[in-house]
Amino acid sequence: MSLDQPGNPLDRHPSWKHVACPTCGGAATRETDTFDTFFESSWYFARFACAQADTPLDRQAVDYWLPVDQYIGGIEHAILHLLYSRFFTRALRDCGYLSLDEPFAGLLTQGMVCHQTYRDAEGAWLFPRQVRRGDDGRLIHAESGQPVTPGRSEKMSKSRRNVVEPDGIIADYGADTARLFMLSDSPPERDLEWSETGIEGAWRYLHRLWRLVIEPAAPLAPRDAPRPAAFGASARALRRAIHKAIHATTGDLERFHFNRAVARIRELSNDIAKLDETDLGDDIAWAHREALEALVRLIGPMTPHIGEELWRALGHDALLADTPWPEADPALLGDEVVTIAIQVNGKLRGRIDLARDSAQAEAEAAALAQHSVKRVIGDRPVRRVIVVPNRIVNVVV
């Protein structure tokens, strides 16, 4: 039997494949597909670590690269594939091919992509593209006009035909829109319900993002403009929003909270959109550029095509993919204004907004000036005022 050709060697083995039937003695053919699919997929990660090795495994390379840092797979892999992979890893360890006990250091079990199911009048499954709404609002077959019966939403499968072809989505909306919708709709460990409304919302946001950068509402500093020596209140507020978004988005991505990361990016978009042509000054223009560049860098991994275009539009020659990830300035992560609770004899009587780290006398005066506090105190003398900086003012009467 020759092993120098691709494919199953048993298919080319004449004496093993072609035999006499043990029951009737007639000509028979043995089954050549003897390995379960899981056999091949239960140790491939170890081979990937030494793909060019002449032997099945190069122990030095395998021990260096493994275990796999992060395994991401669907729920259908959560039992059999992982069970077999762990079994194979320990068997290979016992046979001396590697030294680790577990193949994967981290595991994320992602949810399924679901879509509603449809049947025609004969009960046959229909693709979503074969279904439309008639003039009366009822579902009908797109070609025949016959009634269509909707079913429950299930994971996308070829057997039920509740699949959406990627080619059609990319042709209508673009690959970046599909990526953004998949990441923003729900946490990755939960099922995602595919909907035209959801993908259209992602498409509209990308159009808005394009306009924010290409047609900025407020002046934008040149790319090589020096950082201003001081920033006004509006510029400081925008810069705090920028660095809070960087800090939060980075943490969300590291924890696989992709939908939260998208929400942070959208919030930063809203902060930028509040600028208008009346926001003038070198500090605002510089902060505006900083905001747009941070926005594009944050969304770049999710929407690489539009990200590269916008990065180039902002005046950069290097690829966005080669640009370092933005880093948050710790000094800008706190709020300039904090909300402080006011208590009278331990009971909440109001709240005030003060500058962070305000002096104790200022916090005390502001608390005692509140109408709700004065009404509760009445004619009673104030015996003591306890100030917990940036948190509580407790008036004791």
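## Overall architecture and nonpolar core

The chain contains 14 helices and 13 strands. The model described here is predicted.

**Overall form.** The radius of gyration of the chain is 32 Å, whereas a compact globule of 397 residues would have one near 21 Å. The C-alpha trace spans about 110 × 65 × 55 Å along its principal axes. Among contacts with a separation of 6 or more, 60% join residues 24 or more positions apart.

The table collects values for the whole chain.

| Property | Value |
|---|---|
| Share of the 397 residues that count as buried | 37% |
| Accessible surface | about 23,900 Å² |
| Share of that surface belonging to carbon and sulfur atoms | 52% |
| Positive side chains | 47 |
| Negative side chains | 56 |
| Distance between the centres of the two charge sets | 8 Å |

**The largest nonpolar core.** This core has 45 residues, and the members that touch the most others are L180, Y205, L295 and I299. At least two residues each are supplied by α6 (166-173), α7 (175-184), α8 (196-214), α9 (233-254), α10 (258-273), α11 (282-299) and α12 (304-313). The largest share, 11 residues, comes from α11.

**Surroundings of L180.** Leaving aside residues up to four places away in sequence, L180 touches A202, Y205, L206, V262, I299, M302 and T303. Two of these partners, Y205 and I299, are themselves listed with L180 among the core members that touch the most others.

Methods. Residues are numbered from 1 along each chain as its sequence is written. This is a predicted model: local features need pLDDT of at least 70, side-chain atom pairs count only at pLDDT 80 or more; totals for chains, interfaces and linings use all residues. Side-chain values use heavy atoms; hydrogens and water are left out. A nonpolar core is a set of buried Ala, Val, Leu, Ile, Met, Phe, Trp, Tyr and Cys residues joined through side-chain atoms within 4.5 Å. Buried means under 20% relative accessible area, exposed over 50%, partly exposed in between (1.4 Å probe, protein chains only). Helices (H or I, at least four residues) and strands (E, at least two) are DSSP runs, numbered from the N terminus. Contact means heavy atoms within 4.5 Å. The radius of gyration is taken over C-alpha atoms; the globule rule is 2.2 Å times the number of residues to the power 0.38. Accessible areas come from the Shrake-Rupley method with a 1.4 Å probe; for residues, only the protein chains shown count as cover. Lys and Arg count as positive and Asp and Glu as negative; His and the chain ends are not counted. The place of a charge is taken as NZ of Lys, CZ of Arg, CG of Asp or CD of Glu.
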